[in-house]
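Work through the two exercises below with the sequence and the model in view. Each task is followed by a solution in steps.

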Amino acid sequence: MGDNTSEEQVPMQEEIDEPFPLTERDKIGLTLTDADFELHTWDALKGAIATNKLDILQRKPSDLRRYIYWCRKINVEYGGIGNYVIQHRLPWGSPPFTHKSDIPFAELDDFKILINDWPYGFTDDITHIVVWSKTPIPTDDETGDLTIESRKILEDFVKRTFVDRLEGDKDRVLWFKNWVRLQSVRALEHMHVLVRNVTREDLEFWIGTELEGGKS
C-alpha cells in the first residue's frame, strides 16, 4: 500500500494533522532531516523488542511525513487505513471475517503475509514484514500488550514460518506486536516480523507471490 508522493509535496510539521497517534519521538522526528536520523540497527532492535520499548521505533523523517500525508488521503477517500487494506491488500472480503481456527495463525487461510510498504527506519539488511490475521489476538485489557498465552502462540508461529525457513537461524528473525495505543491500523489484527539478510526467494516464499523488482 502507498504511493511515491515526493517529500516536497508533504506538509511540514506545523501543517500536519495526526491521522494516527504520534509518539513524542515521531513529533521530534518531524523536525529533522533524513541526514539527522540514525537508522535502527539489528542490535538496537533486539534490545528494544526484548525490553518491550516499542515506542522508540521511528520512520525516517521523509518517510514519516509521506506516511502521515498518505494516511490523511486514505482516511478521506476510504474512511480509514483498515478499509484501504481490506479493499486492496487482503483477499478476505468485508468484515467480520470468518476464521477457521480460534487460535491465531493456526490455519493458512486465516492469515496473510505481506511486506510492509511503510517500514520503520531500518538499515538496508532488514526487511519489515506484516502478518495480518482474521483471528483476534488477545491482549491485556489494561496494558494493551499481549497476554502470556498470545505471546507463546505468536512465538511458535514465527519459529515454524520464518526461523525454520532460515534453517533454524533464530538470530535473523525478530517479531513484535505493537501495543494497542501504538497501532496505526487498529481495525485489523496484525503483527510485525523483521528478517535480516534474506533472499528474494525467501521473501517470495513467505508472501506467496513474485516481488516486483527491488529486493534481491
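Accessible areas come from the Shrake-Rupley method with a 1.4 Å probe, and for residues only the protein chains shown count as cover. By that method the protein chain exposes about 11,600 Å², of which carbon and sulfur atoms supply 46%.

This is a predicted model, in which local features need pLDDT of at least 70 and side-chain atom pairs count only at pLDDT 80 or more, while totals for chains, interfaces and linings use all residues. Residues are numbered from 1 along each chain as its sequence is written, and side-chain values use heavy atoms, with hydrogens and water left out.

**Exercise 1.** Locate H40 and decide whether H40 is buried or exposed.

Step 1. H40 lies in the loop between α1 (24–29) and α2 (42–50); helices are DSSP runs of H or I with at least four residues, numbered from the N terminus.

Step 2. H40 counts as buried because its relative accessibility is 10% (buried: under 20%; exposed: over 50%; partly exposed in between; 1.4 Å probe, protein chains only).

Step 3. Beyond its neighbours within four places in sequence, H40 is in contact with residues including I56, L57, F122 and I126 (contact: heavy atoms within 4.5 Å).

Step 4. A polar atom of the H40 side chain lies 3.0 Å from the backbone nitrogen of Q58.

**Exercise 2.** Describe how α3 and α4 cross.

Step 1. The axes of α3 (residues 61–78) and α4 (residues 81–88) come within 8 Å and cross at roughly 80° (axes: lines fitted to C-alpha atoms over the stretch in contact; angles: 0 to 180 degrees between N-to-C directions).

Step 2. Among the residues making the contact are W70 and I74 of α3 and Y84 and H88 of α4.

Notes: Helix = DSSP H or I, 4+ residues; strand = E, 2+ residues; numbered from the N terminus. Polar contact = N/O pair within 3.5 Å; in protein donor to acceptor, adjacent residues only side chain to side chain.
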